[in-house]
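Dear colleague,

Here is the structure I promised to pass on to you, and below it I have set out what I found when I went through it. Please read the notes with the model open beside you.

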Amino acid sequence: MPDLSINFAGIKSPNPFWLASAPPTNSGYQVMKAFDAGWGGAVWKTLGVPVVNVSSRYGSINYRDTRMAGFNNIELITDRPLSDNLKEIEEVKKYFPDHAVIASLMVESQEEWQQIIKDVENAGADGIELNFGCPHGMCERGMGSAVGQEPEVLQTIVSWVMEVAQVPVITKLTPNISHIVDPGLAAVRGGTNAISLINTIKSIVGIDLDTYAPYPVVDGKGTNGGYCGPAVKPIALEMVKELTQHPEIKNTPVSGIGGIETWRDIVEFILLGAGSVQVCTAVMHYGFGIVREMEAGLVQFMNDKNYNTIYDFIGKALPNVTEWKHLNLKHKVVANINPQKCIGCDLCYIACDDGAHQAIKLDRTNGNRIPEIIDENCVGCNLCALVCPVEECITMEKRDDGKQHVTWDQRTQLDDIPTSFNDDRAGGKHHYVPTVQDALKHRSK
Ligand SMILES: Cc1cc2nc3c(=O)[nH]c(=O)nc-3n(C[C@H](O)[C@H](O)[C@H](O)COP(=O)(O)O)c2cc1C
Ligand code: SF4
Ligand code: SF4
């Protein structure tokens, strides 16, 4: 059995599975239940200035058969009294001394920051997370994402915290910014021990077509909320990578958050450099029990790859994540259809003809329903393989001999790049496209 334990910036945890600061960590009851189910750590629902919440608070994107493919909330930080939370943190630590309890905090003035840090440390918190992420409500009061979007302010607050904190400090970033490295650098320069990301993405999930108010509707009105759940994972992965690849940030541990639901998601975040992961929406959807599948899957993965600890594969994907200009322009793949697997659904033909490069033909004579790839037209874009509903029916086959490797960057250095719209060295110049009139052949008689 591999060792799943971690030491994240000085915070020890029996495994990398942490609950993110959110409704599942709103009380000692929930955190104890989660630890009992197998979670290694919990970032307590943000403690801080007094708030009043609205009703209702959540909206979601139900994509076809999948409910809550994206989730949206307009909830604020905890509305429970600070003293109740502190008492419960203390109790949880008595029952679970080896699990990680991290107190998420959001207050305003230097005095308030320094006081609340003392309070949670006295209650026994193993670490602190600074919530600079909330994209609704709190930002209107100058906190949450209002801080996360202002690197200078963020750095100042982190340095106030670092002056007094006795336990490790994690700075949680908002994704609602064009360049995540800026607040990442500010956090590091402020002295943070670690970074976590992402908090929720500013969003409107939909409009009620009778009342014309955005969801969730509060007495006929709505507001932007924070988006999370499976839909945001790609954005979170990219932002984690931006930080873990950055020369000045890469030595600061990163806790990955955003759309995590399965062991596979967790492995992906770790491969991009995360040293722990945090989960909110998946637990709100399915409950604490999902951690069992996460653990079993992670153990199986580590056994298959002969990894003894998480540290054996943190960041292993990073050398393969490069800039576009370093990709090999000579690499060539072409789609291939396996006629034995094809169910004749036409999806690939329609997608390629209408949405890609007219590289699939479908000759319907004698009742034929199996499409054919026109090799010389195929640019290897992948679209047909992505739309095909049959696993492994369309595969992408390598057609270059692997001997040539030329990148845009190299071509730029050799002064061998197209310089005008009609330059012969431009990629698509001699590529086949049907004539304009060919479109009319598809008219129904
Ligand atoms: C209802 C709700 C309340 C949340 N409250 C907080 C909070 O109090 N503090 C915080 O730092 N993040 C809060 N978050 C953000 C989550 O901690 C997490 O960063 C985000 O949901 C992305 O993770 P997920 O895709 O696993 O949900 C909240 C999220 C939701 C859905
Ligand atoms: S890979 Fe792209 S261009 Fe090639 S057949 Fe498929 S959809 Fe068409
Ligand atoms: S999408 Fe797949 S199954 Fe459907 S016609 Fe194309 S190859 Fe066949």
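Of the 445 residues of the protein, 42% count as buried, where buried means that 20 or more other C-beta atoms lie within 10 Å of the residue's own, exposed means 12 or fewer, and partly exposed is in between, with C-beta atoms placed from the backbone. Please bear in mind that this is a predicted model, in which local features need pLDDT of at least 70 and side-chain atom pairs count only at pLDDT 80 or more, while totals for chains, interfaces and linings use all residues. Residues are numbered from 1 along each chain as its sequence is written, and chains are lettered from A and ligands numbered from 1 in the order in which they are written.

As for the overall layout, the protein has 13 helices and 18 strands; these are DSSP runs numbered from the N terminus, helices being H or I of at least four residues and strands E of at least two. The protein is divided into domain 1 (6–320) and domain 2 (324–442), with bounds that come from an automatic or database domain assignment, and the C-alpha centres of the two domains lie 41 Å apart. Taken along the principal axes, the C-alpha atoms fill a box of roughly 75 × 55 × 50 Å. If two residues are said to be in contact when their C-beta atoms, placed from the backbone, lie within 7 Å, then among contacts between residues at least 6 apart in sequence, 71% join residues at least 24 apart.

The ligands come next. A residue is taken to be near a ligand if its C-beta atom, placed from the backbone, lies within 6 Å of it. By that rule 27 residues surround ligand 1, the closest being Ala20, Asn73, Cys228, Cys280 and Thr281, and the elements that give two or more residues to this shell are strand E4 (41–48), strand E6 (66–73) and helix H9 (281–286). By class, the shell of ligand 1 has twelve nonpolar, twelve polar and three charged residues; here Ala, Val, Leu, Ile, Met, Phe, Trp, Tyr, Cys and Pro count as nonpolar, Asp, Glu, Lys and Arg as charged, and the others, Gly among them, as polar. Around ligand 2 there are 15 residues, of which Cys352, Ala359, Cys378, Cys381 and Cys384 are the closest, and the elements that give two or more residues to this shell are helix H11 (347–355) and helix H12 (383–387). The shell of ligand 2 has twelve nonpolar, three polar and no charged residues. Ligand 3 is surrounded by 14 residues, the closest being Cys342, Cys345, Leu347, Cys348 and Cys388, and its shell has twelve nonpolar residues, one polar and one charged.

A nonpolar core is a set of buried Ala, Val, Leu, Ile, Met, Phe, Trp, Tyr and Cys residues joined through C-beta atoms within 7 Å. The largest such core has 95 residues, and those with the most contacts inside it are Ile102, Val120, Ile128 and Val240; its largest share, six residues, comes from strand E7 (residues 100–106). Apart from it lies another core, of eleven residues, among them Tyr349, Ala359, Cys384 and Cys388. Leaving aside neighbours within four places in sequence, Ala274 is in contact with Val240, Val254, Ser255, Gly256 and Phe269. Ala274 is found in strand E14 (residues 274–279), and it counts as buried because 30 other C-beta atoms lie within 10 Å.

In helix H1 (residues 28–37), the buried residues are Gly28, Gln30, Val31, Ala34 and Phe35. They lie on the same side of H1 because they cover an arc of only 165 degrees around the axis, the arc being that of the directions from the helix axis to the C-beta atoms. These buried residues pack against strand E3 (17–19), E4 and helix H2 (82–95), whereas the face turned away from them carries the exposed residues Tyr29 and Asp36.

Finally, some backbone details may deserve a look. A cis peptide bond joins Leu197 and Ile198, with omega about 15 degrees, and another cis peptide bond joins Tyr215 and Pro216, with omega about -15 degrees. Asp415, although not a glycine, has a positive phi of about 60 degrees; this residue is found in the segment after helix H13 (408–413).

With best wishes
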